[in-house]
Amino acid sequence: MSKIIMSNRLIKAFGKEEEKRNVLNDVSVSIEEGEFVSVMGPSGSGKSTLMFCLSGMDTVDSGSIQFDGEDLTKQEEQKLSDIRRTKMGFVFQQPTLLKNLNIFDNIILPSIHENKKNKAVIIERAKLLMKQTGIEALTKRNIKQASGGQLQRAGICRALMGNPKIIFGDEPTGSLDSKSAQEIMKLFSKISKDGTTILLVTHDAKVAAQTERVLFMSDGKIVNEMHLMKYNGANLEERVSKITEQMKMIGM
Amino acid sequence: MYYRIIRNDFMKNKLITGTIMVFISISAMLVSLAAILIVNLSGSIDTLMTKAKTPHFMQMHTGEINEERLLEFVLQNSKVDEFQVAEFLNLENSRIFINENSLSHSVQDNGVAVQNKTFDYLLDLEGNVITVSPGEIYVPVSYKKDGTAKLGDSVLIYGHKFLVAGFLRDSQMNSLLASSKRFLIHEADYSQLEDVGSKEYLIEYRLKDKKDINVFEAEYTKANLEKNGPTLTYPLFQMLNAISDGIMIGVLLLVCILVVAISFMCIRFTLLAKIEEDYKEIGVLKAIGLRVTDIKKIYLAKYAVITAVSCILGIILSTVFRGKLLWNIRLTLGESAYSSYAFCFGIMGVILVFFTMIAYVNKVLKRFKKISPAQAIRFGMNQEKSIESRGFTLSNNVLLPTNVFLGLKDVFVRKKLYITMLLVFVIASFIMIVPQNLYHTIAKESFGTYMGIGQSDLRIGIMQTKGNMRERAEEIAQILSKDEYVSAYTILTTKTFQIQKLDGSIENMKIELGDHTTFPLKYAKGRAPINEDEIALSKLNADELKKVVGDTIILLSEGTKRELKVCGIYSDITNGGKTAKATFTDDSADIMWCSIDVLLSDATMIAKRVVEYKECFPYAKVSDIKEFMLQTFGPTIRSIHMVSVVSLSIALLISLFITLLFIKMLMAKDQYAIAVMKSFGFTIYDVTIQYITRSFFLLFMGVTIGVLMANTFGETLAGMILSALGASTFRFEVNVVSSYLISPLMMVCCVLIATLLATSCMGEIKISDNIKE
């Protein structure tokens with residue numbers, strides 16, 4: 001399999017001169033096409049910053065990021081916007097839906113804006129995705145009339161609308177109860193099985209246990225990684241304990 | 001701590017804080033100016049009226065007078081302190097020349113008087129009682145102000161030559177609204193002129209106690225003494241002296257209210273955006289036990305500093321401008337006795353602005369009470385907002401590009417937020433269009449129909465002082481009839497006749513005699529006089545005499561009564577708006593002036609013929625109608641043009657600043673939504689289009705409502721002003737290109753520039769800063 005994303009010696013610092021602190025400290029990482037990867041680490045370890053830099057939403061101080069054959073660190077803002085719109089999908093901890101639009105409009109917004117496909121096709125795809133994610137009843141509702149889990153699913157539908165090559169998830173289950181979180185993870189597993197690459201940032205071992213590879217971050221560095229078998233719904237406890245043991249070993 | 005918070009906040013929001021400061025400074029300046037003007041105006045009026053010893057009660061009277069009876073009344077009335085009968089010699093304006101320019105176009109009744117002995121003094125510009133020598137004349141200060149006369153000029157009255165020795169302040173007739181003007185001359189000169197003018201008596205009383213004016217007035221009426229003329233009292237003189245500057249103060253206060261309202265809108269908007277931005281922090285502060293009053297203090301402190309600095313700026317600005325505004329009061333009414341207090345009052349006005357602003361900020365901050373710490377900490381935003389407008393959905397949208405749709409949708413969803421901006425655009429369009437339409441109406445040739453003259457090409461005017469007018473007119477007519485380019489002409493002579501009013505009293509009326517069908521006017525009611533027993537009245541005359549079409553008027557001519565039927569009413573704003581037109585022939589009264597209206601078959605010949613006729617008839621004044629209009633209305637047209645340019649500039653500036661401010665604040669409020677859109681691939685250009693859509697949509701709505709209001713309410717307003725001058729059935733003559741194309745386009749440019757400027761920092765909104773947990 002070819003690599004869809006590959007970063008080389010990324011450095012990113014925050015703060016002014018004297019208080020400057022490297023949040024990403026010489027990070028090199030690569031992800032295969034179709035892979036389901038999670039990044040784990042304590043608060044302030046730099047995992048979210050890594051995800052924002054890898055997706056071109058934040059800039060790095062040095063290093064390079066190859067995505068789908070292009071170096072993101074050398075692209076103009078306009079080009080980065082195009083890449084995000086056509087090749088990437090995002091799911092954040094809070095459902096980042098626009099308050100002015102109803103749920104259905106929020107889902108179709110990026111695709112309608114892209115306007116490459118005709119509207120009828122977009123609407124059909126949105127309906128299909130909503131059905132697949134179990135929120136087909138919310139078509140006409142506005143975002144106040146849905147639960148956190150439902151909104152998160154709507155966010156996933158939006159991320160999937162443009163058939164992205166990769167989906168980035170920043171603590172996508174972080175604000176959900178365990179039942180909703182589990183449902184969202186099932187959805188991610190299904191997307192992964194369909195061939196979409198996924199990179200999740202999480203501090204929850206149970207979430208990481210459902211991915212194929214776990215990267216452990218601490219103080220801006222990837223300190224370890226763990227390969228797991230593709231998750232098929234069984235032995236979750238065992239996978240979780242493996243991860244927690246690993247975390248203990250590296251002092252997290 | 002407050003210093004640091006305020007400094008940081010100011011550095012972060014330079015533009016927004018700066019704009020709010022500009023508006024508060026202007027409000028403070030206007031309030032301060034208004035206060036200074038009020039104190040100075042009342043002080044100057046008091047000083048003038050005290051020094052001049054203005055009568056407490058005055059009865060004007062024309063006709064026979066029985067001084068013995070008047071004296072007897074005074075002896076029997078204990079309230080009277082002083083009494084006198086002053087004379088005012090009303091003269092024909094066309095017989096008064098200042099530096100060879102006659103006052104025939106003056107709307108005032110000009111006349112001469114001598115200095116009074118005991119009260120009602122005419123004062124010089126230093127406030128001293130004038131002593132005039134033979135051959136000298138003191139001219140009303142209003143003629144100095146408009147540049148008609150200056151020191152050392154010569155004045156010719158019925159052939160008597162005078163030298164302008166100075167200017168006078170008349171505590172009774174200073175105001176342009178008092179239709180008479182007294183020139184002061186020596187008694188010896190007065191007695192020489194006595195036969196040529198019509199004498200009016202001013203029966204004047206000073207009372208022991210001013211409070212008794214009303215009782216005294218009743219007693220005077222009851223005594224059935226001389227009463228052929230208006231009655232005037234001390235409070236009325238005060239009002240006449242105050243009114244023109246009072247109107248200016250009123251306008252200042254009105255503009256001030258507008259600016260304060262805009263400041264309030266800005267503060268409200270900024271504060272609401274700030275509260276939303278700090279929602280979580282406020283929740284946390286509340287959660288850890290800080291009292292609402294303590295949290296409010298942080299915000300109040302910032303606005304207290306901004307307002308205080310702006311108020312000081314306002315005071316400084318007002319000291320810069322007050323000289324210009326006080327100039328008129330100082331010249332017309334003299335120095336004020338209270339000018340030293342004026343500044344204190346100005347500062348008090350500014351302090352009032354300060355506390356009003358702080359009270360308003362405090363009111364807006366009451367929202368803190370409603371913030372639930374639990375909700376603020378959990379969600380970081382107010383969850384009770386109404387969202388989404390049904391029906392207008394992206395999935396149903398067929399026509400609009402996505403960015404335009406998103407821009408419009410936001411306006412519909414957050415209507416309340418945008419109302420401020422819409423209101424500003426409505427106000428801006430209104431103040432942009434009304435003066436402009438008024439200017440185009442007055443500047444247009446057809447405005448002549450409001451001036452009581454039909455549409456012709458040339459007007460040849462002959463004044464009384466220059467030989468026998470009838471012969472002159474016939475001489476001109478003969479030459480005109482031979483001119484192949486003259487397609488029509490008509491001779492109109494204006495004479496003064498006496499008419500009998502309904503109450504039996506007699507009044508003078510200027511009537512223009514001749515053929516009024518050649519160059520007909522637009523009659524508001526009825527038609528032009530055709531038969532000898534018909535008369536058409538100007539609107540003001542008709543209103544004053546309470547006549548409508550079909551009524552009759554009694555004209556006194558050579559001791560006989562002539563009945564005339566009112567056949568038409570027209571608009572006329574010349575000669576004080578009081579004119580009349582008739583066709584009967586009359587040899588009795590003297591001709592005041594004569595005018596010949598000429599229509600040429602070839603309009604390109606106008607300029608040439610004006611030059612030729614000027615040479616041909618050196619005794620006459622030849623002017624093309626456009627020039628005539630310009631002479632008569634030049635100053636008015638120019639000042640209205642200036643007002644229209646100034647209001648256009650103000651409207652454009654307000655639109656620019658408010659758009660800049662609002663879009664900046666909107667963006668601060670919408671940082672999160674912008675970051676979300678950027679995260680899934682919307683470019684800066686996309687989001688900018690959304691903001692331009694919002695501004696343009698609001699501008700379009702604002703201009704539409706503004707134009708509608710300008711053409712309804714604005715037209716009525718302008719009509720009311722012109723109707724007071726004598727024009728009726730007023731309609732705006734709109735220059736469509738300038739009013740509805742160029743001006744709105746200029747506004748579009750301003751709004752576009754402001755929106756682009758405000759959104760230029762969109763790149764600084766980082767996705768990671770706003771979305772990352």
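1. Residues 340–361 of chain B form a span that is 100% helix and 0% strand, with end C-alpha atoms 33 Å apart; helices here are DSSP runs of H or I with at least four residues, strands are runs of E with at least two, and both are numbered from the N terminus. Residues 417–434 of chain B are likewise 100% helix and 0% strand, and their end C-alpha atoms lie 28 Å apart. An unreviewed UniProt entry lists both spans under "transmembrane region" for chain B, among them also residues 20–41 and 247–271; such annotations may be inferred rather than shown by experiment.

2. This is a predicted model, in which local features need pLDDT of at least 70 and side-chain atom pairs count only at pLDDT 80 or more, whereas totals for chains, interfaces and linings use all residues. Residues are numbered from 1 along each chain as its sequence is written, and chains are lettered from A and ligands numbered from 1 in the order in which they are written.

3. Chain B contains 21 helices and 22 strands, and 39% of its 773 residues are buried (20 or more other C-beta atoms within 10 Å of the residue's own, with C-beta atoms placed from the backbone).

4. The contact between the chains takes 25 residues from chain B and 32 residues from chain A, two residues being in contact if their C-beta atoms, placed from the backbone, lie within 7 Å. On the side of chain B that touches chain A, α12 (402–413), α18 (671–679) and α21 (767–771) each supply at least two residues.

5. Chain A has an open sheet of six strands with mixed pairing, in the order β6-β7-β8-β3-β9-β10, where two strands pair if DSSP finds at least two bridges between them. Because β6 (88–91) and β10 (221–227) of chain A stand at the edges with a single partner strand each, one side of each is left without a neighbour in the sheet. Strands β3 (residues 36–40) and β8 (residues 197–202) of chain A pair in the parallel sense over five bridges, and A:V39 has A:V201 as its bridge partner in β8(A).

Notes
A residue is buried if 20 or more other C-beta atoms lie within 10 Å of its own, exposed if 12 or fewer, and partly exposed in between; C-beta atoms are placed from the backbone.
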